[in-house]
Amino acid sequence: MTEASPTQGDLFVLDSPLLAEVRGEHSLMAYPFFALAKAGSKKSLVYKTDTVSIEIGAGPSGVATIYDKEILLYIASLLVAKMDAGERVAQEFYFTAHDLFRVTGVNGSARSYTRLQDALGRLQGTQIKTNIEAGGEGQTGFFSWLSEAILQYTKTRTGEQRLKGVKVRLCDWLYRAILQDRRVLEYSPHYFQLGPVERRLYEVARSTCIDGPVQVGLNDLRLQLGYQNTLKHFRHVLRGIADADSIPDYSIILNEADVPPDGAAKRRVAAPTFVTLMPKKAVVAS
């Protein structure tokens, strides 16, 4: 499927192009609402603390992924840009795939359009249940990120489909959170070049290091990222990311227990491992 260039009339209908920076809602930054994968996973996600409860159920195409989230970031950015400009806002959005790809750094290949269609299906099919309130309201039961997701196209004389635009309706929960709570944060333009774990590390650091460095337990961080593999594997991956210093604007420092010297007792109780998330400007100042 190819995409037709919008006509002058279409420009008054479509919300794109996005001219402001990419922004996202705070709770979606801080907590694991998406699978750390490129393809949809059928495995349900659960995250629970003393105060936060999140349950994510897979739809027919699996759980929405951290890459599918790009669409929600784009929609949130359109919404906030309209609010900042004093324009009337609604839950329905019309945009071009071309502009979404421009903002997220995706090429406009035929495969990209197929992935867009798959991502919209997962965002609509994924079931979310959480006790996090939005706009001063709580709710029980499950909801989907998008209650409507449609690719609108026309046909050429030869029968070829030409994508005209994308029509979506944002869920009530996220719409209230952005419209009323206004807890939105800017994203680094380098975010879309990151891998899945790096993306979540950036989001957690961005949403928690508001007042400076934050220290968190290694396993607590693993759960907050939504990392499904073992703690041992997570430590190995995190150490590589920390050594590469690959997170935009933030440094990741592992505070690990000292290894006992040769001749020390073979058995010892492993000390807890903590991770420090720190703005890079704080590292320079130290």
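How many of the six residues of strand E12 (residues 274-279) are buried, and to what extent is this strand enclosed by the rest of the structure?

Reply: This is a predicted model, in which local features need pLDDT of at least 70, side-chain atom pairs need 80 or more, and totals for chains, interfaces and linings use all residues. Residues are numbered from 1 along each chain as its sequence is written, and side-chain values use heavy atoms, without hydrogens or water.

Strand E12 has five of its six residues buried, so the rest of the structure largely encloses it. Here buried means under 20% relative accessible area, exposed over 50%, and partly exposed in between (1.4 Å probe, protein chains only). Strands (E, at least two residues) and helices (H or I, at least four) are DSSP runs numbered from the N terminus.

Strand E12 is paired with two other strands, pairing requiring at least two DSSP bridges. Strand E10 (residues 214-217) runs antiparallel to E12 and is joined to it by four bridges. In that pairing, Val214 stands opposite Leu277 of E12. Strand E11 (residues 250-255) is also antiparallel to E12, and six bridges connect the two. Within that pairing, Thr276 of E12 is the bridge partner of Ile253.

Burial also occurs in helix H4 (residues 110-125). Its buried residues are Ser112, Tyr113, Leu116, Ala119, Leu120, Arg122, Leu123 and Gly125.

The lining of the largest cavity consists of Gly24, Glu25, Leu28, Lys69, Leu72, Leu73, Ala76, Leu174 and Tyr187. A cavity is a set of points on a 1 Å grid over the protein atoms alone where a 1.4 Å probe fits but cannot get out, and lining residues have an atom within 4 Å of a point. H2 gives the most to this lining, with four residues. Strand E2 (23-25) and H2 each supply at least two.

H2 also contains Asp84, whose side chain meets that of Arg182 in a salt bridge, with N and O 3.3 Å apart. A salt bridge is a side-chain nitrogen of Lys or Arg within 4 Å of a carboxyl oxygen of Asp or Glu. Side chains of opposite charge can pair when their charged atoms come close. The Arg182 and Asp84 pair links distant parts of the chain, 98 residues apart, since Arg182 lies in the loop between helix H5 (172-181) and strand E9 (184-186). Both partners are partly exposed, because the relative accessibility of Arg182 is 40% and that of Asp84 is 46%.

Across the whole structure, 13 salt bridges are found. One of them joins Lys82 to Glu87, with the closest N and O atoms 3.4 Å apart. Glu87 counts as partly exposed because its relative accessibility is 43%.

Another salt bridge connects Glu148 with Lys167, the closest N and O atoms being 3.6 Å apart. This pair also links distant parts of the chain, with Glu148 in strand E7 (residues 146-155) and Lys167 in strand E8 (residues 161-170), 19 residues apart. Glu148 is partly exposed because its relative accessibility is 23%, whereas Lys167, at 18%, counts as buried.

Key: The expected span of a helix is 1.5 Å times one less than its number of residues. On a 1 Å grid over the protein atoms alone, a cavity is a set of points where a 1.4 Å probe fits but cannot get out, and a pocket is an open set with protein on both sides within 12 Å along at least five of seven lines; lining residues have an atom within 4 Å of a point.
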